[in-house]
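Keep the 3D view open as you read.

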Amino acid sequence: MSVPVPFGQFVPGDSALHRLDARVKIVATFALTIALFSVGGWPGLLVVAGAVAAAIGLSRVSWRLAVRGLRPVLWLLLFTLVVHTFSWRDPDALVQWGPVSISIPGLSSGAFLALRIVILMLGASLVTLTSSPVALTDALSSLMRPLSVVRFPVEDVAMMFSIALRFIPTTAEEAERIVVAQTARGAVFDRGGPAARARAWIPVLIPLFVRLFRRADDLAVAMESRCYTGKERSRLRELVMRPEDWMVLAGTVTLSFAVAILL
Amino acid sequence: MRVPSGDPHFACDRRSASREVRALISFENVSFSYVAGAQQQPAVHGVSLEIVPGERVAVLGSNGSGKSTLVRLINGLLLPTTGSVRVDDMCTADQAALGPIRERVSLVFQNPDNQIVATAVEDDVAFGPENLGLPRAQIRVRVAEALKAVGLSGLERREPHLLSGGQKQRLAIAGALAMDPRYLVLDEPTSMLDPLGRLEVLAVLAEVAASGRAVLQVTHDLSEAMQAARALVMHQGAVVFDGAPSALLGRVGELGPWGLELPPLLQFAEELRRAGVAVPHDAATPAQIAGAL
Amino acid sequence: MTLSLRDVSYTYARGTTYSVPALEHVSMEVSRGELVLVLGATGSGKSTLLRIAAGLLSADEGRATIDGSPLDPASARGAVGLVFQDPETQLFADTVLGDVAFGPRNMGATRDEALIAAREALLAVELDPERFGARSPFSLSGGEARRVAVAGVLALGPAYLLADEPTAGLDGPGRRAMRLLLLAARERSGVVVVSHSAEEFLGDADRVVVLGSGRTLVTVPAGDLIAAPELFASAGLRAPDVLEAQRIAVGEVASGYTFSLDPHEAARSLAFRGGVMP
């Protein structure tokens with residue numbers, strides 16, 4: 001049964017953003033993140049927000065999907081907002097209940113910090129939404145290549161990353177099936193204290209891990225049979241930076257530094 | 001001829017120099033034991049056989065008969081405890097020969113999910129050629145040809161987990177074919193597939209065999225074995241039958257003890273024979289069987 | 001005493017842009033002592049049907065009942081056993097006996113009661129509790145592990161037993177053992193076998209539900225399906241070869257034998273007897 005698109009999964013498309021070299025997307029996101037954390041106030045934040053919003057528009061990924069990426073950090077957002085908005089016995093309070101008060105500076109700083117997380121998450125999930133797993137692995141291994149100078153096993157790490165991406169959906173399906181099967185045997189996952197709940201997952205986790213190890217074994221044998229040694233591999237895909245890739249890269253990096261320094 | 005030592009190198013060195021290189025897979029008095037704790041469990045013993053290029057062979061047997069071990073001995077995933085396995089006169093015990101051997105012998109396993117490594121169809125097919133360090137242009141050609149051979153052209157960018165079971169297994173076969181192997185060896189490639197997926201895979205195998213590669217397919221399904229020219233039956237680690245699959249149907253009484261069952265269609269043919277209808281032993285399709293009436 | 005689904009529909013992710021209708025107005029019924037075969041190709045909604053029948057998913061529309069009361073997680077708990085495809089993948093305990101006793105323990109049985117139920121269930125799948133009980137479930141052969149997993153479900157004493165492709169991946173002897181085991185379970189429970197292949201259970205089924213892309217195409221006695229093999233094709237399935245051979249053979253006379261095909265007789269004889277009549 002096909003399961004609806006979960007957070008961050010690749011949504012195939014042919015927009016300018018989809019065609020952009022994944023390395024550029026990763027570096028650009030990184031640069032914008034630096035800018036995001038260096039800006040001193042609202043103007044800078046709004047410029048970065050505008051850049052991310054423009055990128056989402058360009059990607060033609062629906063806003064709904066993009067916003068789904070925020071779900072995992074919803075609590076963090078609320079927490080940030082609440083912690084900063086409410087203060088204790090503020091003399092310039094806007095509203096006051098007993099000792100708890102809301103002030104304009106508090107409200108502003110809460111919103112500022114929350115928005116920063118929103119922009120960061122939207123930007124990061126946009127990368128995974130518009131880049132295929134293959135493009136992501138290739139980009140990462142290419143970006144890591146300089147590390148091979150210090151004997152970092154770039155190829156092996158890229159292969160591990162690719163295999164992990166390959167098996168996430170398969171393992172998720174398997175986990176769901178085991179949960180259903182154990183539920184049908186009377187297992188209950190949502191009763192009792194934390195310890196009881198943790199214990200309840202044992203009948204799911206053990207089979208899942210046993211399967212994962214067997215899978216890993218099978219996979220190792222299959223890879224060995226296909227002559228994998230981790231050495232002297234060639235690549236099907238060639239990463240070539242087109243002029244537009246260089247332009248986007250230069251543009252976002254310049255923008256990020258300008259924002260970080262000036263605003 | 002018995003090889004007195006468990007040292008595979010010894011077995012390798014005994015012959016070879018005097019012989020000219022011949023294209024074939026040969027098992028010479030091969031035994032293999034799994035070591036479980038202190039005791040050894042023999043999985044295969046005393047197997048001698050030859051498989052020549054272009055042959056289509058079915059290996060039959062129940063679970064635990066040693067047929068999966070046999071497959072893993074062919075490309076050196078397992079090394080014989082005694083005896084020797086040679087591929088085109090290269091010995092699997094010779095570490096340096098394993099690369100060339102695995103280039104010539106491609107393996108496909110039972111569970112398609114556990115042998116697909118990449119996150120897109122074409123990248124998975126390219127995995128083997130990439131490991132050989134082939135130039136990019138050549139990889140492209142091989143990927144395109146392999147995908148065409150298994151009927152997956154057009155799905156190059158698809159993510160493997162979105163494929164059907166039959167498609168996944170055909171992808172695995174494409175990955176094997178992209179190595180341009182002389183021998184394609186498959187360990188129960190259809191046993192986890194639905195009937196449609198099974199038919200897809202069998203059709204692909206028929207074409208691969210027709211293209212001149214040797215196809216050796218492990219199965220426990222007699223009706224699949226009927227498509228092969230030669231059937232081997234493994235029972236308790238030994239080869240107990242080696243011949244035409246139709247000849248196997250002439251020995252129905254022995255199938256039970258070997259852990260093999262006649263599929264309903266062949267059982268029906270057997271009923272007809274018992275009733276006095278002369279159904280030929282190589283009749284394997286409904287039309288052929290009913291046609292005998 | 002019936003497990004019944006009437007006109008049930010289910011859509012995944014309903015109301016979103018990625019909604020996937022899985023079942024539309026599907027009906028199925030099984031009573032204790034019956035074996036119902038649900039035939040459907042991959043993607044026909046079989047797994048959704050199983051989850052609903054096991055009370056683990058609740059249908060968007062239609063009525064699901066068990067012995068007259070509404071089917072929900074509470075009423076299905078312990079009463080509907082579910083044997084997934086490759087059920088051996090759910091084994092987890094240190095010992096076979098401990099694994100089989102997991103269900104009864106969840107249902108509130110005492111340790112002793114659970115062990116008694118586990119022993120009985122192991123006997124029911126023809127594994128000697130003395131020989132296998134203390135072994136690790138991960139040390140078993142494929143066929144043995146499958147039977148232990150089925151025992152883990154039988155130990156609940158389910159009134160209804162649902163099995164998804166119970167013989168997939170097993171060799172000849174394993175398949176036969178599994179088939180006999182499910183036939184024996186019919187003595188106590190209503191059994192539903194879900195499969196994409198008619199070859200194995202058509203001859204045993206009291207009724208066949210043919211499922212084609214989320215809709216019940218037909219619910220018929222097995223014999224009627226044999227009389228109308230085009231139904232297989234309409235559900236994206238293949239009629240068993242042997243059926244095809246028997247159909248071609250109808251009316252042929254050879255060596256003093258006439259070949260006749262009474263669909264209902266053939267249904268029963270499909271797997272084990274030819275249809276040759278003197």
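In this predicted model, the buried residues of helix H7 (133–144) of chain A pack against three helices from two chains: helix H2 (22–38) and helix H8 (154–184) of chain A, and helix H4 (121–131) of chain B.

**Helix H7 of chain A**

- H7(A) has 12 residues. From first C-alpha to last it reaches 16 Å, close to the 16 Å expected at 1.5 Å a residue.
- Which residues of H7(A) are buried? They are A:Pro133, A:Val134, A:Ala135, A:Leu136, A:Thr137, A:Asp138, A:Ala139 and A:Ser141.
- H2(A) is one of the helices that these buried residues pack against.

**A helix pair in chain A**

- Two packed helices are described by the angle between their axes and the distance between the axes.
- H2(A) packs with helix H6 (104–130) of chain A at an angle of about 175 degrees. Their axes are 10 Å apart.
- An angle over 145 degrees counts as roughly antiparallel. H2(A) and H6(A) are therefore roughly antiparallel to each other.
- On the H2(A) side, the contact is made by A:Lys25, A:Ile26, A:Thr29, A:Leu32, A:Thr33 and A:Leu36.
- On the H6(A) side, it is made by A:Arg116, A:Ile119, A:Leu120, A:Gly123, A:Ala124 and A:Val127.
- By class, the residues of this contact are seven nonpolar, three polar and two charged.

**Where chain B meets chain A**

- In this interface, 34 residues of chain B are in contact with 27 residues of chain A.
- Helix H3 (98–104), H4 and helix H5 (136–149) of chain B each supply at least two residues of the side that touches chain A.
- Which helix gives the largest share of that side? H4(B) does, with seven residues. H4(B) is also a packing partner of the buried residues of H7(A).
- The side of chain B that touches chain A has 16 nonpolar, 11 polar and seven charged residues.

**Where chain B meets chain C**

- Here, 27 residues of chain B are in contact with 34 residues of chain C.
- Helix H7 (195–210), helix H11 (264–274) and helix H12 (286–291) of chain B each supply at least two residues of the side that touches chain C.
- H11(B) gives the most, with five residues.
- This side of chain B has 15 nonpolar, nine polar and three charged residues.

**The sheet of chain C**

- Chain C has an open sheet of four strands in the order E2-E1-E4-E5, with antiparallel pairing.
- E1(C) and E2(C) pair over eight bridges, in the antiparallel sense. Within E2(C), C:Leu23 stands opposite C:Tyr10.
- E1(C) also pairs with E4(C), over five antiparallel bridges. C:Leu3 has C:Ile66 in E4(C) as its bridge partner.
- Two bridges join strand E4 (61–66) of chain C to E5(C), again antiparallel. There, C:Ile66 has C:Ser69 of E5(C) as its bridge partner.

How values were computed:
Residues are numbered from 1 along each chain as its sequence is written. Chains are lettered from A and ligands numbered from 1 in the order in which they are written. This is a predicted model: local features need pLDDT of at least 70, side-chain atom pairs count only at pLDDT 80 or more; totals for chains, interfaces and linings use all residues. The expected span of a helix is 1.5 Å times one less than its number of residues. A residue is buried if 20 or more other C-beta atoms lie within 10 Å of its own, exposed if 12 or fewer, and partly exposed in between; C-beta atoms are placed from the backbone. Two residues are in contact if their C-beta atoms, placed from the backbone, lie within 7 Å. Two strands pair if DSSP finds at least two bridges between them. Ala, Val, Leu, Ile, Met, Phe, Trp, Tyr, Cys and Pro count as nonpolar, Asp, Glu, Lys and Arg as charged, and the others, Gly among them, as polar. Axes are lines fitted to C-alpha atoms, for helices over the stretch in contact, and angles run from 0 to 180 degrees between N-to-C directions. Angles under 35 degrees count as roughly parallel, over 145 as roughly antiparallel, 65 to 115 as roughly perpendicular and the rest as oblique.
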